[in-house]
Amino acid sequence: MKEEENKQIQINMAILERENLSNQVRGLIQQLNPHFFFNALNTLSGIVRENPEKSEMFIDKLSQVFRYVLKLEDYTIVDIGEELKFMDDYIFLLKIRFEDMLNIRMNDTTDGKYKVVPLCTQLLLENIIKHNRINRQIPMNIDITIDEEYLTVSNTYLPKNNLNSSKMGLKNLNKRCELHLGKSIIVEQNNSLFTVKVPLIRA
């Protein structure tokens, strides 16, 4: 009887852990919408009159981004192709906002048959924007590579002065990867480069 009780306790703990992380994902989505939407609207208001064609493209990409975010409640992992399509749309919006202050390069050497935790690319790109100095004199260089083990995002390390970061975003991302993929993220940093590797699993 005691063995059955211990087994049930373990099952309950696993359920609670999954529910807690699910709440963290929903919290991330709730935080993303107002902050990102506010910046997006500011950018859109600046281009809607001077470049109607570009504003139409911006609105289309913005709708694609939110369509992806809204469907995530039912998914703990997604196809890498879906996440990269979302990332392309998200990068388009960032490039409209920051123009030549962002240099982003991507190299995908996989066959696309992999899965990853959703919104990892948004979190990593947003962290770069949030924590680093970015201007025309010092543009931000970002390299994104995808191989058979990791989705890797590296950026030039130019931290803002007096920056205090709890790194909760990376901690939560790590928990999600450990739970749903069975692997941890890898964070590497030196004087010039900050790198985060997000694990992939074969679909």
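In strand 3, Val 116 is the bridge partner of Val 78, and 2 bridges join strand 1 to strand 3 (residues 114-116), the two running antiparallel. Helices (H or I, at least four residues) and strands (E, at least two) are DSSP runs numbered from the N terminus, and two strands pair if DSSP finds at least two bridges between them. The model is predicted, so that local features need pLDDT of at least 70 and side-chain atom pairs count only at pLDDT 80 or more, while totals for chains, interfaces and linings use all residues. Residues are numbered from 1 along each chain as its sequence is written, and side-chain values use heavy atoms, with hydrogens and water left out.

The open sheet of 3 strands has the order 1-3-8 with antiparallel pairing. Strand 1 (78-79) and strand 8 (201-202) stand at its edges with a single partner strand each, so one side of each is left without a neighbour in the sheet.

Another open sheet is formed by 5 strands in the order 2-4-5-7-6, with mixed pairing. Its edge strands are strand 2 (102-108) and strand 6 (186-189), each pairing on one side only. Neighbouring strands of this sheet are turned by 10° against each other on average, direction ignored, where axes are lines fitted to C-alpha atoms, for helices over the stretch in contact, and angles run from 0 to 180 degrees between N-to-C directions. Strand 2 is joined by 7 bridges to strand 4 (residues 140-146), and these two run parallel; in strand 4, Ile 146 is the bridge partner of Asp 108.

Two helices contact this sheet, contact meaning heavy atoms within 4.5 Å.

| Helix | Strands touched | Direction |
|---|---|---|
| Helix 3 (residues 80-98) | strand 2, strand 4, strand 5 (150-156) | about 165° with strand 2 |

The axes of helix 4 (residues 120-131) and helix 5 (residues 168-180) come within 10 Å and cross at roughly 160°. That makes helix 4 roughly antiparallel to helix 5, a label for angles over 145 degrees. In their contact, Cys 120, Leu 123, Leu 124 and Asn 127 of helix 4 meet Gly 169, Leu 170 and Leu 173 of helix 5.

The whole structure holds 3 aromatic pairs, for which rings of Phe, Tyr and Trp (its six-membered ring) must have centres within 6.5 Å. One of them, Tyr 68 with Phe 86, is stacked (planes under 30 degrees apart), at 4.7 Å centre to centre and 20° between the planes. Tyr 68 lies in helix 2 (residues 52-70) and Phe 86 in helix 3, so the pair ties together parts that are 18 residues apart in sequence.

Methods
Angles under 35 degrees count as roughly parallel, over 145 as roughly antiparallel, 65 to 115 as roughly perpendicular and the rest as oblique. Rings of Phe, Tyr and Trp (its six-membered ring) pair if their centres lie within 6.5 Å; planes under 30 degrees apart count as stacked, over 60 as edge-to-face and the rest as tilted.
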